[in-house]
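Okay, thanks everyone, I'll keep this short. Let me put the structure up and then walk through a few spots.

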Amino acid sequence: MAPPPPSPPPVSLRVVVLFLRVLTAIFLVITVIILSTNSVTIDSQGTALKYYFKDVYAYRYMFSAAIIGLVYAVIQLFFTISELATRIKNPINYQLDFYGDKIISYLLATGSAAGFGVSKDLKDALLALVALDSTDPVDKFFSRGYASASMLLFAFVCLAVLSVFSSYAISKH
C-alpha cells in the first residue's frame, strides 16, 4: 500500500509565502523602472555627454539580474496562487522552490553588490577626472543607482526568507 500524499503547509504559511513573493516582485519592478529610466547629461567645459544605465556594465548586470529575478518571481507567484486555490502541491515544486530560491537570491545579491560598488567607485572617479560645471546630475545618476541596488537588496532579503521557508518545506516532505 502506498503512503498517503504529504499534507500541504498550513494556510497561514502559504499566505506569508504569497506575500513575500508579491513583495519580491514589487521590489524587482521598482528596480527595473529606476534603472531603465536612469540617464544623465554631463556638461564639461562646453561639451555635453549623455550617459545611460547601459553604459555602465555593473548596471547592466544589475538590470539583467532584476529581469531574471522578476521572471522567476512571476512564475513562482503563479505557482503559489495555484497552490492556494487548489490546496495541492506537486512534490517536484518543493525542490523547484528550494533550488530556485537559492540560485535567484544569490543572483540578486551579487547584482545588488555590483550596483553599490560601481555607484561608489565610478562616482568618485568621474568627479575626480572631469571638471564639471555642476555635480548635481552626476549625484542624481548615481543616487538612482544606489536606489535600484537597495531595491534589489530588499528583493534578495525576501527571497532569502523564502529560501528558509522552502528548506523547511522540503525537510517535511
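This is a predicted model: local features need pLDDT of at least 70, side-chain atom pairs count only at pLDDT 80 or more; totals for chains, interfaces and linings use all residues.

Where does Gly69 lie? In helix H2. And is Gly69 buried or exposed? Buried, with a relative accessible area of 0%; the cut-off for buried is under 20%. The C-alpha of Gly69 is also separated by 9.6 Å from that of Leu159, and those two are 90 residues apart along the chain.

Now the helix itself. H2 covers residues 57–86, so 30 residues, and from first C-alpha to last H2 reaches 43 Å, close to the 44 Å expected at 1.5 Å a residue. After H2 comes Arg87, with a positive phi near 60°.

On to the rings: the count comes to seven aromatic pairs. One of them is Phe53 with Phe63: centres 5.0 Å apart, planes at 45°, so that pair is tilted. The pair links distant parts of the chain, since Phe53 is in the loop between strand S2 (47–52) and H2, while Phe63 is in helix H2, 10 residues apart. Phe53 is buried at 12% relative accessible area, whereas Phe63, at 22%, counts as partly exposed.

Then there's Phe141 with Phe142. The centres of their rings are 5.1 Å apart and the planes sit at 85°, so we call that edge-to-face. Both Phe141 and Phe142 are buried, and together with Tyr59 they form one aromatic cluster.

Conventions:
Residues are numbered from 1 along each chain as its sequence is written. Side-chain values use heavy atoms; hydrogens and water are left out. Helices (H or I, at least four residues) and strands (E, at least two) are DSSP runs, numbered from the N terminus. The expected span of a helix is 1.5 Å times one less than its number of residues. Buried means under 20% relative accessible area, exposed over 50%, partly exposed in between (1.4 Å probe, protein chains only). Rings of Phe, Tyr and Trp (its six-membered ring) pair if their centres lie within 6.5 Å; planes under 30 degrees apart count as stacked, over 60 as edge-to-face and the rest as tilted.
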